[in-house]
Amino acid sequence: MSIQPCNACEAKHSYLNNEEVHQAVTKQLELEMQNLVVPNIQLLRAKICAVCSFNQNQTCQKCGCYIEFRTNLANKHCPIDK
């Protein structure tokens with residue numbers, strides 16, 4: 001399955017598969033090490049996003065971020081306050 005790239009990113013590809021998304025997010029999170037939430041908080045956030053109507057192919061349609069990326073960052077919050 002192809003996933004549309006993050007709206008906030010300036011990716012050169014028009015579509016990424018799940019593994020490519022995970023690799024891109026992992027690489028970016030390495031730059032954000034001082035700003036990460038603990039794993040159990042990330043999991044709770046991801047569970048909320050998983051059932052959200054704005055989750056489309058692992059991308060938040062409200063903010064344009066990959067859900068895996070946004071749920072890992074301490075300074076990011078749900079754009080609709082979930």
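This is a predicted model: local features need pLDDT of at least 70, side-chain atom pairs count only at pLDDT 80 or more; totals for chains, interfaces and linings use all residues.
Student: Where is confidence lowest and where is it highest?

Tutor: pLDDT is the predictor's confidence in each residue, from 0 to 100. The chain has a mean pLDDT of 84, and 82% of its residues reach 70 or more. Confidence is lowest in strand E1 (residues 2–3), with a mean of 50, and highest in H2, at 96.

Student: How many helices and strands are in the chain?

Tutor: Helices (H or I, at least four residues) and strands (E, at least two) are DSSP runs, numbered from the N terminus. The chain has three helices and four strands, in the order β-β-α-α-β-β-α from the N terminus on.

Student: Is Val-38 buried, exposed or partly exposed?

Tutor: Buried means under 20% relative accessible area, exposed over 50%, and partly exposed in between (1.4 Å probe, protein chains only). Val-38 is partly exposed, because its relative accessible area is 48%. Val-38 sits in the loop between helix H1 (18–30) and helix H2 (39–50). Of the chain's 82 residues, 29% count as buried.

Student: What share of the contacts with a separation of 6 or more is between residues 24 or more positions apart?

Tutor: Contact means heavy atoms within 4.5 Å. Such residues account for 55% of those contacts in the chain.

Key. Residues are numbered from 1 along each chain as its sequence is written. Side-chain values use heavy atoms; hydrogens and water are left out.
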